[in-house]
Each structure stands twice: as structure tokens, then as C-alpha cells.
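Visitor: I have a few minutes and a structure to go through. Can you walk me around?

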Amino acid sequence: LLAYGGLKYEDDRVTLPWDDMTVWAGLKKTMPWGQLPCLTWNSVKICQSMAICRFLAREINIAGRDSLEMAQVDEIIDVVQDAIDANYKAWYAKNRKEELVKLTGQTFPLVLTQLEKRLTERGGQFFVGNSFTWADLHVFYFCSEDFICPTVLQTYPKLLNLVTRVGALPNIKTWMETRPANKTPQKGFMIYFTNAYQILAGNHA
């Protein structure tokens, strides 16, 4: 959102806890809710990822043009967030491999099918109001290789088309090409470095 909006910002990343826990332990005490992310805007700290996203979307005018559109945007956002939450719950489940198989074989296909249907119902170009909103941007994020293998997306032509168009937006394209690279994957935290499909394929579950 910051990159798309062309906003000037400082991307202050915390040392990963498995590299050095002391950095986060010290910072945690200064956070209003003891967790990240945190956006500092005009000296005011705003926490909780979705609160930050909604705030930024309003600031750069891609939150929806009226209350109804905002609700439709939130609908898509919440669907995507449920899928993302399921991704991490599967990784931390006691029966991890079974849950990852269910995630990639049932949960994600269902969500992608529903998103494809919703996008088609709303004209096939954008999810809300026939114009770009952060619902489209969030779907782009979900459909990236962080969560979904490119080969899987081929089955959903409308989504694939949308994701391709969003990825071609100048500010998004630049961000994707220049964003900080992930550090060396850690075995117990593979879900943060690759998607569930690749984890299963590489027997890393």
C-alpha cells in the first residue's frame, strides 16, 4: 500500500527472533499491544495490520468510494485474511502435513473458486466498483508465490488476469523487484519463507 501510493516511508525491519531474540525483546516493551506491525504516522503509532491497511487505503483513496463499496472491499479482504490465517494455522497444527495437504487440496481451491466467481459477477476487471481498490491489491498479495504456486493460478483465468494487471502497475512492479529479500530459511519457520505447495513438494513438513 505504501509503495502503490508513492508515499515516502522508512521500512524499519526488526531482526528476526530466531537470529537474535534480544532485539525484539527490547522493542516489544515499546509497542502499544506488544506486537508488530506498527505504523508511525505524524508521530502517532497505529498498530494491527488490518487497521494500518485500512487507514492507508483511505489515505490513498483506494478503500472504496462510499460506504457500500467499502463494505464490498472489506468482504474480499476478510475472505483473503481467513485464507491467510488458515495457512499459518495449518503449519502450526499438530498434524502439520495432513493440514497442509487439506489447505492446498481443499481450502485454497475453494477460496480461489469463490474469488473467481465473485470477480466474474462484478464484471471481471476489479472486485469493487469497476475500479482498482486495495481488495485487488490484497488478492494480488494472496495469489503471489508467498501463498499460491503460479501453476495453481492458471486454473482461475479471471484472477490470473487481475493479478497480472496489478503486478504490472509501475509502483507495484518496482516494489516487487526491489523489496528486501528473505534471509536464509529456518526449518521450524519454513511457512514464512515459502508456500505450502513447495513445502509439501520438498518434504519440509
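Visitor: How many aromatic pairs does the structure hold?
Guide: This is a predicted model. The structure holds 9 aromatic pairs.

Visitor: Take Y92 and Y192. Is that pair stacked, edge-to-face or tilted?
Guide: Tilted, because the planes of Y92 and Y192 stand at 55°. The ring centres are 6.5 Å apart.

Visitor: Where do Y92 and Y192 lie?
Guide: Y92 lies in helix α3, residues 67-92. Y192 is in the loop between α8 (170-178) and α9 (196-201). The two parts are 100 residues apart in sequence, so the pair ties them together.

Visitor: And how accessible are Y92 and Y192?
Guide: Y92 has 48% relative accessibility and counts as partly exposed. Y192 is partly exposed too, at 38%.

Visitor: Next pair: what is the geometry of F108 and F142?
Guide: F108 and F142 are edge-to-face. The distance is 5.3 Å centre to centre, with 85° between the planes.

Visitor: Which helices does that pair link?
Guide: F108 is in helix α4, residues 96-121. F142 is in helix α5, residues 134-142. They are 34 residues apart, and the pair links distant parts of the chain.

Visitor: F108: buried or exposed?
Guide: F108 is buried, at 0% relative accessibility. F142 also comes out at 0% and counts as buried.

Visitor: Which residues form the aromatic cluster?
Guide: One cluster takes in Y88, Y92, F108, Y141, F142, F147, Y192 and Y197.

Visitor: Now charges. Which ring does the charged end of R96 sit over?
Guide: The ring of W91, with the charged end of R96 3.6 Å from its centre. R165 does likewise over the ring of F126, at 5.1 Å from the centre.

Visitor: On to the core. Which residues of the largest nonpolar core touch the most other members?
Guide: L112, F127, F142 and L159 do. That core has 49 residues.

Visitor: Which helices each supply at least two residues of this core?
Guide: α2 (49-59), α3, α4, α5, α6 (150-153), α7 (157-167) and α9. The largest share comes from α3, with 8 residues.

Visitor: What does L112 touch?
Guide: Leaving out residues up to four places away in sequence, L112 touches F142, C143, I148, V152, L153, Y156 and L159.

Visitor: Change of topic: the strands. In which sense do β1 and β2 pair?
Guide: Antiparallel, over 4 bridges. β1 covers residues 38-41 and β2 covers residues 44-47.

Visitor: What stands opposite C38 in β2?
Guide: C47 stands there. L39, in turn, is opposite I46.

Visitor: What phi values do N42 and S43 take?
Guide: N42 has a positive phi near 50°. S43 is positive as well, at about 75°. Neither residue is a glycine.

Visitor: Why is that worth a mention?
Guide: Because most residues other than glycine have a negative phi.

Visitor: N42 and S43: buried or exposed?
Guide: N42 counts as exposed, at 68% relative accessibility. S43 is exposed at 72%.

Visitor: Last one. Where is P37, and what is the peptide bond from L36 like?
Guide: P37 is in the loop between α1 (21-28) and β1. The bond from L36 to P37 is cis, with omega near 10°.

How values were computed: Residues are numbered from 1 along each chain as its sequence is written. This is a predicted model: local features need pLDDT of at least 70, side-chain atom pairs count only at pLDDT 80 or more; totals for chains, interfaces and linings use all residues. Side-chain values use heavy atoms; hydrogens and water are left out. Two strands pair if DSSP finds at least two bridges between them. Rings of Phe, Tyr and Trp (its six-membered ring) pair if their centres lie within 6.5 Å; planes under 30 degrees apart count as stacked, over 60 as edge-to-face and the rest as tilted. Buried means under 20% relative accessible area, exposed over 50%, partly exposed in between (1.4 Å probe, protein chains only). A charge sits over a ring if NZ of Lys or CZ of Arg is within 6 Å of the ring centre and within 35 degrees of the ring normal. A nonpolar core is a set of buried Ala, Val, Leu, Ile, Met, Phe, Trp, Tyr and Cys residues joined through side-chain atoms within 4.5 Å. Contact means heavy atoms within 4.5 Å.
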